[in-house]
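Please consult the sequence and the structure while reading.

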Amino acid sequence: MNEVKKYAYQCKAKKAVEILNDRRFDAHFADNADEAREIVKGLMPAGSEIAVGGSVTLQETGIMELIKSGDYKFIDRFNVSSWEEELHKYRLGYLSDIFVTSSNAVTMDGKLVNMDCTGNRVGAIGFGPKKVIVVIGVNKLVENVEEGIKRAKEIAPMNSRRINHKNPCDQTMTCENCTGTNRICNIISIIDGCYKFPGRISVVVVAEELGY
Ligand code: SF4
């Protein structure tokens, strides 16, 4: 990566970490994906029960591989034979030790913005698992909640296509204001600080572009 661009990413990521820590998140700076994975590893005691949100970032950083390594009790929501079983695993995830996910956006005033189809991810970030670990690339940093929601909405067609939800936007990459049960854009959450349970949510901000 270009040196100046990398430096700009590092500065932005460090600033976000500072703001998130001020707002009682447990925020960490990572220079790259490998560092992010090591930080996450340090936050997950071996043997912990882990649930995850679907995330390209977790795949790109190797964190999914780490979670599946056998060192943890992984609630594998991807290995199911029916929708009912998947929903059951989502529910088990609420009682897990640690929920690991990315975020659709993190604002430079220290808020997490997410949009879900089912709501399992936004629900678990808000309450349930004892610990939440959020990993984001610098590309997900936005100025404020309004921009965060705009970002979540803009990437919804890509997410819809990725998880094969067969919404109209899968084909056009433009929101077609669908109304079916597979609609991605059902539930929006804003985590406005981590004051009730300080440090419950760790946020690892990586000075690289990750996921979308
Ligand atoms: S409302 Fe429907 S069509 Fe629009 S982005 Fe969301 S899932 Fe796609």
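**Overall form**

The radius of gyration is taken here over C-alpha atoms, and the globule rule is 2.2 Å times the number of residues to the power 0.38. The model under discussion is predicted. For 212 residues, a compact globule would have a radius of gyration near 17 Å, and the 16 Å of the protein chain therefore agrees with the rule. Along its principal axes, the C-alpha trace spans about 45 × 40 × 35 Å.

The protein chain contains eight helices and 10 strands. Of its 212 residues, 52% count as buried. Among contacts with a separation of 6 or more, 74% are accounted for by residues 24 or more positions apart.

**The ligand and its shell**

The space taken by the ligand is the largest cavity. The ligand is surrounded by K153, A156, N167, C169, C175, E176, N177, C178, R183, I184 and C185. This shell divides into six nonpolar, two polar and three charged residues.

**Two residues with positive phi**

R24 is not a glycine, yet it has a positive phi of about 75°. R24 is found in the loop between α1 (3-22) and β1 (26-30). Its relative accessibility is 43%, so R24 counts as partly exposed, since that class lies between the limits of 20% and 50%.

N164 is likewise not a glycine and has a positive phi of about 60°. The loop between α7 (145-162) and α8 (169-172) holds N164. With a relative accessible area of 48%, N164 is partly exposed.

Methods
Residues numbered from 1 in each chain as written. Predicted model: local features only at pLDDT ≥ 70, side-chain atom pairs only at ≥ 80, totals over all residues. Heavy atoms only, no water. Near = heavy atom within 4 Å. 1 Å grid on protein atoms, 1.4 Å probe; cavity = no way out; pocket = protein on both sides within 12 Å on 5 of 7 lines; lining within 4 Å. Sits in = over half its atoms within 2 Å of the grid points. Nonpolar A, V, L, I, M, F, W, Y, C, P; charged D, E, K, R; others polar. Helix = DSSP H or I, 4+ residues; strand = E, 2+ residues; numbered from the N terminus. Buried < 20%, exposed > 50% of the residue type's maximum accessible area, 1.4 Å probe, protein only. Contact = heavy atoms within 4.5 Å.
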